[in-house]
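Hello,

Here is the structure I promised to hand over. Please open it first, then read the notes below.

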Amino acid sequence: MPDLILVTGATGNTGTAVVAGLRSRGSHVVRPASRRPDPADPDALVFDWADATTFAAALRGATAMYLVAPAGEADPVSTVGPFLELAADQGVRRVVLLSSSAIERGEPGLGEIHDVIAGKFSEATVLRPSWFMQNFVGDHPVAHSIRESREIVTATGVGRLGFIDADDIAATAVEALLAPEPVGEELLLTGPESLSYADAAAILSEVLGHHIRHVDVSPAERASQFTAAGLSEEFAGVLAALDERISAGEQDFVTTTVRDVTGRPPTSLRDFLHQVHLRR
Ligand SMILES: NC(=O)c1ccc[n+]([C@@H]2O[C@H](COP(=O)([O-])OP(=O)(O)OC[C@H]3O[C@@H](n4cnc5c(N)ncnc54)[C@H](OP(=O)(O)O)[C@@H]3O)[C@@H](O)[C@H]2O)c1
């Protein structure tokens, strides 16, 4: 079992739950790392992908890590590559990378990081989750649109996907970090059911008690909305193309991986939304 585990993206959707999950299992030190670490956590430290001088301290003594790559970068390997080089030199053996069900190994961006970790670390697992249920709540643009306009706008048509609770991703990551032997090279992770955004809107309507509608637009319209919201044209194009792939049915599947790895079933969207609603 590793004795010091670095958790990058430690204050995010998955990282927060990975830190809590690892600590609940005890017997090793957890080092949460992000730009704005929790000041109340004595083990948390400042780590910034944009500042390579923060890399060495984050890696010192670590034998395993949960890796959340910088988001929205066209070429994340140029940033993450030198960090992984240092990690391998400093004795990190096990890496669990958060990627996406939409990204195949070797694809530009995160897919290239799959390649690097598979080549560099003897124990590498890539988590490839579907879209997060957390996008419907909190600070995500989809959540803002639900609150402000009571609508979800996508270019996904009737395409379906296996929305997943980030806590289920984190629970899988904890097992992947702690298991005596690696749990697999690539884990495709989904929730328990494949839903269209119209299905999701119907469940949201039921839980919130007011009507939420799904508005389907063209990929070009979706890309312009993303650029109007401040995203670069390149990233807006990438996100609109992902919607198009969902529309074509590419993400219409569910897997049993969360249950297989953690021993418990993944949370449904209805249960997730009820839990969030009850917490408010
Ligand atoms: N949302 C989805 O539907 C979905 C689906 C599949 C895959 N994914 C993947 O999930 C990943 C996001 O994971 P998440 O939702 O767990 O995280 P998140 O909630 O988006 O939070 C990002 C984390 O990274 C940290 N961070 C941001 N910029 C940083 C920087 N420059 N240097 C160091 N740390 C930084 C943040 O903390 P600080 O602000 O304190 O730095 C935070 O802890 C992305 O790679 C995305 O592609 C998302």
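**What was found**

Residues 9–178 are 38% helix and 18% strand, and the end C-alpha atoms of that span lie 18 Å apart. Helices (H or I, at least four residues) and strands (E, at least two) are DSSP runs, numbered from the N terminus. UniProt, in an unreviewed entry, places the feature "domain: NAD(P)-binding" at residues 9–178. UniProt positions follow the numbering used here, feature names are shortened, and annotations may be inferred rather than shown by experiment.

Before going on, note that this is a predicted model: local features need pLDDT of at least 70, side-chain atom pairs count only at pLDDT 80 or more, and totals for chains, interfaces and linings use all residues. Residues are numbered from 1 along each chain as its sequence is written, and side-chain values use heavy atoms, with hydrogens and water left out.

Now the sheet. Seven strands form an open sheet with parallel pairing, in the order β3-β2-β1-β4-β5-β6-β9. Its edge strands are β3 (45–46) and β9 (186–189), each pairing on one side only. Two strands pair if DSSP finds at least two bridges between them. Strand β1 (residues 4–8) is joined to strand β4 (residues 64–67) by three bridges. There, I5 stands opposite A64 in β4.

Next, the ligand. Of the 21 residues around it, T11, T14, R35, R36 and N135 come nearest (near means a heavy atom within 4 Å). Polar contacts are pairs of N or O atoms within 3.5 Å; within protein, one must be able to donate a hydrogen and the other to accept it, and residues adjacent in sequence count only if both atoms are side-chain atoms. A ligand oxygen is 2.7 Å from a side-chain N or O atom of T11. For N135, the distance from a ligand oxygen to a side-chain N or O atom is 2.8 Å.

Best wishes
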